[in-house]
Amino acid sequence: TLDVSALLAATSMQQAVAPAFRRLFDAQAHWHGALGHYFSPDEFRRAINACIQELRNVTFVLQNSKHDIPNSEAWYTPWQEKMHNTESLRWLVEARNRVVKKGDLDLNSLLSVAVVHSYIDAENPAFEFELSPNLSTEEVFGFIRTKQVPTTVLERSYIKLERKWVDKDSPKQEILQMLGECWSAIASLLRDAPESHTADIGVPEILSRLPPCMYQGSESRSLWLRVQGTELVPVNFAETEVPLSNQEEVRNRYSDAPMFQNPSPSKDFGETCELYFQQAMYLLQKDGHHVHLVLLFVDSVPAKFMQLNNEVRADKYRSMRLIASEAEAIGANSFIMIGEVWRAPFDPSNPDRFAVDSPERSEALSLVGATKEGEGIALDVGFRREGDNIVFGTIERHGIDGINLIEPILSVWRKQR
């Protein structure tokens with residue numbers, strides 16, 4: 001039978017919390033506006049102020065609607081205590097009062113400047129200082145010159161400018177990160193709202209994970225520049241997400257591909273890497289080339305495919321950090337990277353020469369895979385071209401120690417342990 005009282009209570013609940021949800025997602029829109037204007041101080045300030053006020057409006061709306069919410073006291077009172085004991089939410093209350101009653105927050109802008117010529121952050125000279133919001137790239141370049149970074153290093157490096165806005169009353173944490181924590185806490189409150197008068201009241205628990213669209217790593221507030229002569233020129237990187245192809249068309253062209261012959265995914269990471277490598281060899285043989293792909297997995301399930309389009313070697317320093325940032329945003333716990341590479345024997349007379357510049361270079365197909373738990377595998381196979389055919393050598397299998405290319409991703413995972 002239909003429980004009319006429960007239905008009416010649920011309807012009343014939906015009507016009561018709907019305005020609060022609207023305020024919550026209005027706050028999210030202002031948060032994105034602030035992120036989009038991170039290097040524009042006035043627009044950033046306006047978006048921050050709006051986000052702060054909308055987040056506080058969520059709780060104001062709930063408090064005014066408590067009489068329409070079933071079991072409101074049993075649900076909301078424990079949450080009030082939980083939120084009062086949360087540092088970021090206490091800051092939010094004070095910040096809203098300052099914005100509404102006194103004016104803007106007292107924001108401080110810090111700039112971290114790194115000369116990026118390695119995948120390992122500790123090897124990149126970095127400096128942090130307070131700055132004028134209108135500091136020009138010429139002034140930044142002049143500052144770097146005073147640090148006596150060798151010209152040869154600058155010419156094959158990128159300059160990474162990472163800005164960080166903080167509230168002077170809470171300087172330990174970047175302000176968008178704090179607002180993200182506030183948003184997550186308030187979203188947890190609404191998520192926990194009882195749906196009817198018979199709903200169980202649980203223990204308040206603030207979700208620790210933001211939605212991927214609100215992940216705010218350092219790459220989202222960074223500018224990258226390349227040295228050209230005596231100038232710094234901004235560099236734009238376009239991430240290419242591999243689109244889903246027409247499955248029937250793909251199956252017709254690659255009907256005998258290893259993945260069509262073995263469609264059931266394995267939970268064993270090593271077996272997964274072997275299957276993807278066999279697939280890559282098949283595609284290289286079939287098409288004569290293989291693009292540089294990165295696959296991110298969440299709990300063994302492919303979550304994102306990305307194609308890397310690096311024009312010069314230094315682009316890899318940036319692209320690998322973008323991949324690490326994306327892995328952190330979506331909660332990826334394993335990844336596989338596959339592509340064609342150059343390889344060459346080590347020449348002690350030219351220890352810094354890259355394989356692509358060696359007269360003894362040869363082509364190879366390479367796969368590198370790793371998991372958050374510490375498992376790693378590398379597969380390589382040399383090949384040569386004979387007309388339209390690809391002739392493979394022997395597959396080599398080894399660990400990932402010393403493969404600095406993937407250090408940005410491994411670094412993200414180490415911080416999460």
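For background, most residues other than glycine have a negative phi.

How exposed are Asp299 and Ser300? Asp299 is exposed, with a relative accessible area of 53%, while Ser300 counts as partly exposed at 33%. The cut-offs here are under 20% relative accessible area for buried, over 50% for exposed, and partly exposed in between, using a 1.4 Å probe and protein chains only.

## The model and the whole chain

This is a predicted model, so local features need pLDDT of at least 70 and side-chain atom pairs count only at pLDDT 80 or more, while totals for chains, interfaces and linings use all residues. Residues are numbered from 1 along each chain as its sequence is written, and side-chain values use heavy atoms, with hydrogens and water left out.

The chain holds 12 helices and 13 strands. Of its 417 residues, 43% are buried. Among contacts (heavy atoms within 4.5 Å) with a separation of 6 or more, 69% join residues 24 or more positions apart. The chain exposes about 22,400 Å², and carbon and sulfur atoms supply 48% of that; areas come from the Shrake-Rupley method with a 1.4 Å probe, and for residues only the protein chains shown count as cover.

## α2 against α4

Helix α2 (residues 41–64) packs on helix α4 (residues 87–101) at about 115°, with the axes 9 Å apart. Axes are lines fitted to C-alpha atoms, for helices over the stretch in contact, and the angles run from 0 to 180 degrees between N-to-C directions. The crossing of α2 past α4 is left-handed: that label applies if the near helix is turned anticlockwise from the far one by less than a right angle, and right-handed applies if it is clockwise.

On the α2 side, the residues in contact are Asn49, Ile52, Gln53, Leu55, Arg56 and Phe60; they meet Trp91, Leu92, Val93, Ala95, Arg96, Val99 and Val100 of α4. By class, this contact of α2 with α4 has 9 nonpolar, 2 polar and 2 charged residues. Nonpolar covers Ala, Val, Leu, Ile, Met, Phe, Trp, Tyr, Cys and Pro, charged covers Asp, Glu, Lys and Arg, and the others, Gly among them, count as polar.

## α11 and the enclosed α12

What about the end of the helix list? Helix α12 (residues 407–416) is largely enclosed by the rest of the structure, because 7 of its 10 residues are buried. Those are Glu407, Pro408, Ile409, Leu410, Ser411, Val412 and Trp413, and they pack against α11, β9 (334–343) and β10 (362–371).

The axes of α11 and α12 come within 8 Å and cross at roughly 35°, with α11 passing α12 in a right-handed crossing. Met320, Arg321, Ile323, Ala324 and Glu328 of α11 meet Pro408, Ile409, Val412 and Gln416 of α12, which divides into 6 nonpolar, 1 polar and 2 charged residues. Ser319 is also part of helix α11 (residues 315–330) and is buried, at 8% relative accessibility. A polar atom of the Ser319 side chain lies 3.3 Å from the backbone oxygen of Lys316. Leaving aside residues up to four places away in sequence, Ser319 touches Leu308 and Asn310.

## Two partly exposed residues

Arg384 belongs to strand β11 (residues 376–386) and is partly exposed at 49% relative accessible area. Its side chain makes a polar contact with that of Glu386 at 2.8 Å; a polar contact is a pair of N or O atoms within 3.5 Å, where within protein one must be able to donate a hydrogen and the other to accept it, and residues adjacent in sequence count only if both atoms are side-chain atoms. Beyond residues up to four places away in sequence, Arg384 touches Asn389, Ile390 and Val391.

Lys168 lies in the loop between β3 (158–167) and α7 (175–191), and counts as partly exposed at 44%. Lys168 and Leu107 are 61 residues apart in sequence, yet 5.9 Å apart in space, C-alpha to C-alpha. Lys168 touches Asp106, Leu107 and Asn108, not counting residues up to four places away in sequence.

How values were computed: Helices (H or I, at least four residues) and strands (E, at least two) are DSSP runs, numbered from the N terminus.
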